[in-house]
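This report walks through selected features of one protein chain. Please keep the sequence and the structure at hand while reading.

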Amino acid sequence: MTARRQLGCVAALALLAQTGCQSCEQPRPAVVKPAAAPEPAATVAAPEPATAVVEAASVTPAYAGPASKAADGFQLSTGFLDAHNKPVPQPQSGVKTDIYTTALDPAGHPIGQLQALDGAEMTGFLVARDLRHALYARAEAPVREGADARALAFVPPAGGDHALVALFAPQGDGVHAVTSPVSVAGNLPQLMGPGLAGQTANDHLDDGAAVQLKTQVANGALQLTFAVPSAGTGRRGALEPPFVVLLDPPMGQALVLERQENAEVVTWPKPRPGDWLVLVPQQRRARALMFKLTVQAAGERK
């Protein structure tokens, strides 16, 4: 090979080294840049479970206290007069107050004609809600001729919430009892009354003689006896009230049990289970007797 041809081969090889050989080498894959990683999505808190924030439906029990209307529909309308026959907004403790009470039939009509009960056309108890006292009053006739209202006179010894329990018998009908709320103005005692839980089967007459409530079941009926000691003999007799009133703890329901003539017991034909306050009038006395009576259901442990 001549020097000139050698020089040409060297130049060709140099050129190939710069450009590469497209015929003798495999095509190079295109250089692909890796895709950029996606931006992380903004963190979104997972939704909390759906929660309805609603006030719990408060189940309000039906008001069972004195409401001036009994379950049988009979009602009371009341107003107050002081000792000077002047209208007052409410009775005052230590002051004689006439509670003008009108009996209404289930349709709301005043009942003018009433039969006598215990020698009076209307009788009533004024009972402190905490049972620190219970008073008894009688209205022998209407407040005036032709009037429908009767006046029940009380001297509450202390203020506070009370229940008026009025008893009346329309002509040709039985005795009805309606309880009505009465608020008495005046100072309250430092200690509350015993309530029904603090009552027992014992009380005493105004002359100090003890009285004990005794019960006996006969033919499904409950018989109530009020035993008292006979003065000077040690023997026991029995108080014979013309009627007694059974009052439930809320003082919204009152039942009247009349004593049969010449009977020493007062009979409750269909006793209802539960705790009851027994109100017993003292003849010609302002204070009523109070006893606690518990009636147990059949099969209930004593």
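Predicted model: local features only at pLDDT ≥ 70, side-chain atom pairs only at ≥ 80, totals over all residues.

Which residues do ring pairs link into a cluster? They are Phe125, Tyr136 and Phe243.

## Aromatic pairs

The count of aromatic pairs comes to six. One of them joins Trp268 and Trp276 in an edge-to-face arrangement, with 5.4 Å from centre to centre and 90 degrees between the planes. Trp268 and Trp276 are both buried.

## Strand β2 and its neighbours

Strand β2 covers residues 97-104 and is mostly covered, seven of its eight residues being buried. Two pairings of this strand can be described. With strand β1 (residues 75-81), β2 pairs in the antiparallel sense over seven bridges. With strand β6 (residues 150-154), β2 also pairs in the antiparallel sense, here over five bridges.

Leu81 has Asp98 of β2 as its bridge partner. Ile99 has its bridge partner in β6, namely Leu152. As a general point, side chains in a regular strand alternate between the two faces of the sheet.

Asp98 also takes part in a salt bridge: its partner is Lys96, and the closest N and O atoms are 4.0 Å apart. The two residues fall into separate accessibility classes. Asp98 has a relative accessible area of 13% and is therefore buried, the cut-off being under 20%. Lys96, at 44% relative accessibility, counts as partly exposed.

## Salt bridges

The structure holds eight salt bridges. Three of them are listed below, each with the distance between the nitrogen and oxygen atoms.

| Salt bridge | N to O distance |
|---|---|
| Lys96 and Asp98 | 4.0 Å |
| Arg138 and Glu140 | 3.4 Å |
| Glu240 and Arg259 | 3.9 Å |

Glu240 counts as partly exposed, at 38% relative accessibility.

Salt bridges with shared partners also build a network, which joins Asp118, Arg138 and Glu140. Arg138 has 21% relative accessibility and counts as partly exposed.

## The second largest pocket

The second largest pocket holds about 290 Å³ of space. It is lined by 15 residues, of which Ala70, Asp72, Ala177, Ala254 and Leu255 are the closest to its centre. The elements that contribute two or more residues to this lining are β8 (176-184) and β14. By residue class, the lining divides into eight nonpolar, four polar and three charged residues.

## Backbone and loop details

Ser68 has a phi of about 65 degrees and is found in the loop between α1 (3-19) and β1. With a relative accessible area of 18%, Ser68 is buried. Met251 also has a positive phi of about 65 degrees, and its place is the loop between β13 and β14. Met251 counts as buried at 3% relative accessibility.

Methods. Residues numbered from 1 in each chain as written. Heavy atoms only, no water. Buried < 20%, exposed > 50% of the residue type's maximum accessible area, 1.4 Å probe, protein only. Helix = DSSP H or I, 4+ residues; strand = E, 2+ residues; numbered from the N terminus. Pairing = 2+ DSSP bridges. Salt bridge = Lys/Arg side-chain N within 4 Å of Asp/Glu carboxyl O. Phe/Tyr/Trp six-rings, centres within 6.5 Å; stacked < 30°, edge-to-face > 60°. 1 Å grid on protein atoms, 1.4 Å probe; cavity = no way out; pocket = protein on both sides within 12 Å on 5 of 7 lines; lining within 4 Å. Points joined across faces, edges and corners; volume = space filled by probe spheres on them. Nonpolar A, V, L, I, M, F, W, Y, C, P; charged D, E, K, R; others polar.
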